[in-house]
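Good morning, colleagues. Please keep the display in view as I speak.

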Amino acid sequence: MDGEVDVSSHGDPRESPRGNPQGDELAHTFAAALADLSLQTVDVTVTTAGTRRVLRVLVDRDLSRLDPSDSTSRVAPLDLDEVADATRAVTQVLDESDAMGERAYTLEVSSPGVGRPLSGHAALRRNVGRLVELTQVSGATVTGRLVAVEPDALVIEVPAGRRTPAERFTLSLPEVRSAQVQVEFNRSDDDSDEEED
């Protein structure tokens, strides 16, 4: 029988976990090992197709070390070495426990990537400085630079258009239905330099 177990958003109570006991248990199993690397679990999925199982673990930076009053600094994306370190840590913990049982499985560890919809405070906070498309609960969409993410609100800056001036406004987080990072191919040098620091 095919099945999928999924749990999301470990580490930030303002995000909405899907609440799956097996995923919660697995995330808890390697939470301390990831915390030692300043990382946290974002999502855990176990997919079963016949006799094959795949354990997918999405990790990202642990934001608990940021100053709570800091809503504007950029959070660097994970690099390949950090994902490799996370893979080794998760592998070691799973090898030392029986969390996955005796059946063989394939482990895949990665960061969420730009294609994953942003959900909740932590996901939005990690993307300050990025161009995002927000869909409001009203259905209206807006594309702009995410300038700040506070505990209950975000600030977005919409660039000037041919006939409209630049605009900066604040939305409460409950007003935001969904958000998606927009890939930029022509970023200014100032933006690129800031990300490399």
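In this predicted model, 5 strands make up an open sheet in the order 8-7-6-5-9, and their pairing is antiparallel. Which strands stand at the edges? They are strand 8, residues 167–172, and strand 9, residues 176–181; each has a single partner strand, so one side of each is left without a neighbour in the sheet. On average, neighbouring strands here are turned by 40° against each other, direction ignored.

Let me begin with strand 9 and its partner. Strand 5, residues 131–136, runs antiparallel to strand 9, and 5 bridges join the two. Within that pairing, leucine 134 has alanine 179 of strand 9 as its bridge partner.

Strand 5 also pairs with strand 6, again in the antiparallel sense, over 5 bridges. Here valine 132 stands opposite glycine 144 of strand 6. These two strands form a hairpin with 4 residues between them. In the turn, I draw your attention to glycine 139, whose phi is positive, at about 100°.

Next, strand 6 itself, which spans residues 141–149. How many of its 9 residues are buried? The count is 7, and the strand is thus mostly covered.

Strand 7 covers residues 153–158 and runs antiparallel to strand 6, with 4 bridges joining them.

Thank you for your attention.

Definitions and conventions: Residues numbered from 1 in each chain as written. Predicted model: local features only at pLDDT ≥ 70, side-chain atom pairs only at ≥ 80, totals over all residues. Heavy atoms only, no water. Pairing = 2+ DSSP bridges. Axes fitted to C-alpha atoms, helices over the stretch in contact; angles between N-to-C directions. Buried < 20%, exposed > 50% of the residue type's maximum accessible area, 1.4 Å probe, protein only.
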